[in-house]
Amino acid sequence: MASSTRVTFPNKFLPYLLLAPQLAITAIFFYWPASQAIYQSVLREDPFGLSTQFVGLDNFRRVLGDPNYLNSLQVTVIFSVATALIAMALALLLAVMADKVIRGKGIYRTLLIWPYAVAPAIAGMLWLFLFNPSMGTLAHLVRSAGYNWDPLLNGDQAMVLIVSAAAWKQISYNFLFFVAGLQSIPKSLIEAAAIDGAGETKRFWTIVFPLLAPTTFFLLVVNTVYAFFDTFGIIHAVTGGGPGKATETLVYKVYNDGFVNLILGDSAAQSVILMIIVIGLTAIQFRYVERKVHYG
Amino acid sequence: MANVELTNVRKVYGSSVEAVKGINIAIEDGALCVLVGPSGCGKSTLLRMIAGLESITDGTVKIDDKVVNELGPAERDIAMVFQNYALYPHMKVYDNMAYGLRNRGMPKDQIDKRVKDAAQILELTQLLERRPKELSGGQRQRVAMGRAIVRSPKVFLFDEPLSNLDAKLRGQMRVEIKNLQRQLGVTSVYVTHDQLEAMTLADILVVMNAGSVEQIGAPLDIYEKPASTFVASFIGAPPMNLVPVKADHSGLVLKDGTRIGAEGLSIPATGALIGFRPEDLEVSAGTDTHIGGLALDLKVLGVEPVGAESYVYGIIGGERVVVRVPGRSTSNSDDQLRVIVPKQKLHLFGADGKRI
């Protein structure tokens, strides 16, 4: 509305005071570490922190020229795309099915939301125990079915395992949003489409799915960021980046190089690159994907 | 083009909640049937059962002499206009109208022709490239109509299509819907809770209450001869005045003990209700009894001038009533008036609410 007026506070400092806690949190937990990372990324430091030397962009050059880093980039792309797609597709499927349930709707929803309350490392351990080739219950089933299951040696299988664990944990969150999204679609639209001669599948793809686009888009951004950052615990618990760096994602490599191998400069440079990648990805998503999104 | 026939149609939710209690309605080809009633009377449920959006517990629904109970909404060859229009928000007006035709696999050039023809009729030609959110309420309403007419269905179903519009637009659209329905000659079922809409649109008016039909007939017949006190007070605004009356050995007694002349009325022993429309009262100048009418004493509570006429609110025999007088009323609060109800305008209802 053109005539809407802004709320003004008589006290000049009150608005800043009200904003202060949020700003403080952002400053302490984001800007400070981020600026530290940028600072560290142009320094070369020995493992004991006794001497530092300014090296300009040398760290970046070395990181980007490292085949291990490029491998890690590839692993991350595969891992993130697979995790986001599987987590979103399964969540959507479950949400659509839960939407049809009439009795005990609440119970289904509650049960489906529980996995979200599980901490990443615990989720990782859970999957590790289930699929550990020597003692896992489900691993035993898979092996007795004649499949040579060994994620400790087979990189692809290790990837399948961490993607499953990461997606499993995120399904709950996506499910919650998809359920809310589905509920916000008026029933009369579905009925109108039914009268217009669209079968159930057609209704889903021509009416429901397009109307869920804002939710899907939001979840795409959230899931990408999740796959990039929040899956560290799972990878750490399940594969530790192995076998042979087959599951070493960018975040895991940052941790490994910085805190295990104590190459602080490289690690910081990787963090900065990671930050740029995520900023870039989010910008691209908003710029190109959001255009196709219709906000009802 | 088709007739619609409902026979003993029932709807039971769960095991006991009977929303629609055995309804029989026959609608001729090309007629506009209006289902009217207060909210919760089952009119929308009934419409949705005709549409195939609700299952039919009992009875049969026939469209074009064919039982459609087991057919899905798409196979019944009906089109429905929803209260909230139910336009597909992500599609342009053109696509909204073309959607049903595309789903039926109609060739592109035919779809184009039909959509453009419908747009022409509804004056939507300029708006075909817009999305629903860029339209006003009245325009959305038109698109919803357009989506119904492009399909040339056997039956149109309207579920309170005008209730989201403001009063002025509602009046306009009412006329448009009526004209369009006449022009296309498509059998229609129209649900509303607005008695004015019901009166003006209907060829056949069905007054519903608590899951049952109270009365079926031509609108003016229902107005002039309501079958029950429910119909009497539902159809007409302001509603019909209803005054309880009892008979004793020496004449008729109102609730507060006022005696009135019997005027040849035969009141059952259980008592009755005298009904009269607000416009059917004559305000008598003196206190003389008017010949051929029922004379009643009215104590004025207040007057509402609405321009062309005035509503005089008052009490007769302990019961609140309203009288419609042309132009301005000279009455003031606490005035005593003598009003006459001409005998032929008098309605009499038994204690059970049924017309005597």
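The questions and answers below go through a predicted model with chains A and B.

Me: How many helices and strands does the secondary structure of chain B come to?
Reply: Chain B has 356 residues, of which buried residues make up 41%. Its C-alpha trace spans about 80 × 45 × 30 Å along the principal axes. The secondary structure within that span comes to eight helices and 20 strands.

Me: How far apart do the C-alpha centres of domain 1 and domain 2 of chain B lie?
Reply: The domain assignment of chain B places domain 1 at residues 4-228 and domain 2 at residues 241-350. Between the C-alpha centres of these two domains of chain B the distance is 40 Å.

Me: Among contacts in chain B between residues at least 6 apart in sequence, what percentage join residues at least 24 apart?
Reply: A contact here needs C-beta atoms, placed from the backbone, within 7 Å. Taking the contacts in chain B between residues at least 6 apart in sequence, the share that joins residues at least 24 apart is 66%.

Me: Which helix of chain A supplies the largest share of the side that touches chain B?
Reply: The contact between the chains takes 16 residues from chain A and 17 residues from chain B. On the chain A side, α8 (187-195) and α9 (200-211) each supply at least two residues. By class, that side has nine nonpolar, four polar and three charged residues. The largest share, six residues, comes from α8(A).

Me: Are α7(A) and α10(A) roughly parallel or roughly antiparallel to each other?
Reply: Helix α7 (residues 155-183) and helix α10 (residues 213-230) of chain A have axes that come within 11 Å and cross at roughly 160°. The crossing is right-handed. Angles over 145 degrees count as roughly antiparallel. The two helices, α7(A) and α10(A), are therefore roughly antiparallel.

Me: Which residues of α7(A) meet α4(A)?
Reply: Helix α4 (residues 105-113) of chain A packs with α7(A) at an angle of about 145°, and their axes are 8 Å apart. The residues of this contact divide into five nonpolar, one polar and one charged. On the α4(A) side are A:Arg109, A:Leu112 and A:Ile113, and the residues they meet in α7(A) are A:Ser172, A:Phe175, A:Leu176 and A:Val179.

Me: Is B:Val12 buried or partly exposed?
Reply: B:Val12 lies in strand β1 (residues 4-13) of chain B. Leaving aside neighbours within four places in sequence, B:Val12 is in contact with B:Val17, B:Glu18 and B:Thr57. A residue is buried if 20 or more other C-beta atoms lie within 10 Å, and exposed if 12 or fewer do. B:Val12 has 14 such atoms within 10 Å, so B:Val12 is partly exposed.

Me: Which residues is B:Leu169 in contact with, leaving aside its neighbours within four places in sequence?
Reply: B:Leu169 is placed in helix α5 (residues 167-184) of chain B. With 15 C-beta neighbours inside 10 Å, B:Leu169 counts as partly exposed. Beyond its neighbours within four places in sequence, the contacts of B:Leu169 are B:Gly137 and B:Gly138.

Me: Where is B:Pro238?
Reply: The peptide bond from B:Ala237 to B:Pro238 is cis, with omega near -5°. B:Pro238 is in the chain B loop between α8 (229-234) and β11 (241-248).

Me: Is B:Ala86 buried or exposed?
Reply: B:Ala86 sits in the loop between β6 (78-81) and α2 (93-103) of chain B. Phi of B:Ala86 is near 50°, a positive value in a residue other than glycine. There are 25 other C-beta atoms within 10 Å, so B:Ala86 is buried.

Me: What is phi of B:Glu160 near?
Reply: B:Glu160 is found in the loop between β7 (155-159) and α5 of chain B. With 20 other C-beta atoms within 10 Å, B:Glu160 is buried. Its phi is a positive value in a residue other than glycine, near 40°.

Key
Residues numbered from 1 in each chain as written. Chains lettered and ligands numbered in written order. Predicted model: local features only at pLDDT ≥ 70, side-chain atom pairs only at ≥ 80, totals over all residues. Axes fitted to C-alpha atoms, helices over the stretch in contact; angles between N-to-C directions. Helix = DSSP H or I, 4+ residues; strand = E, 2+ residues; numbered from the N terminus. Parallel < 35°, antiparallel > 145°, perpendicular 65-115°, else oblique. Left-handed = near helix turned anticlockwise from the far one by under 90°. Domains from an automatic or database assignment. Contact = placed C-beta atoms within 7 Å. Nonpolar A, V, L, I, M, F, W, Y, C, P; charged D, E, K, R; others polar.
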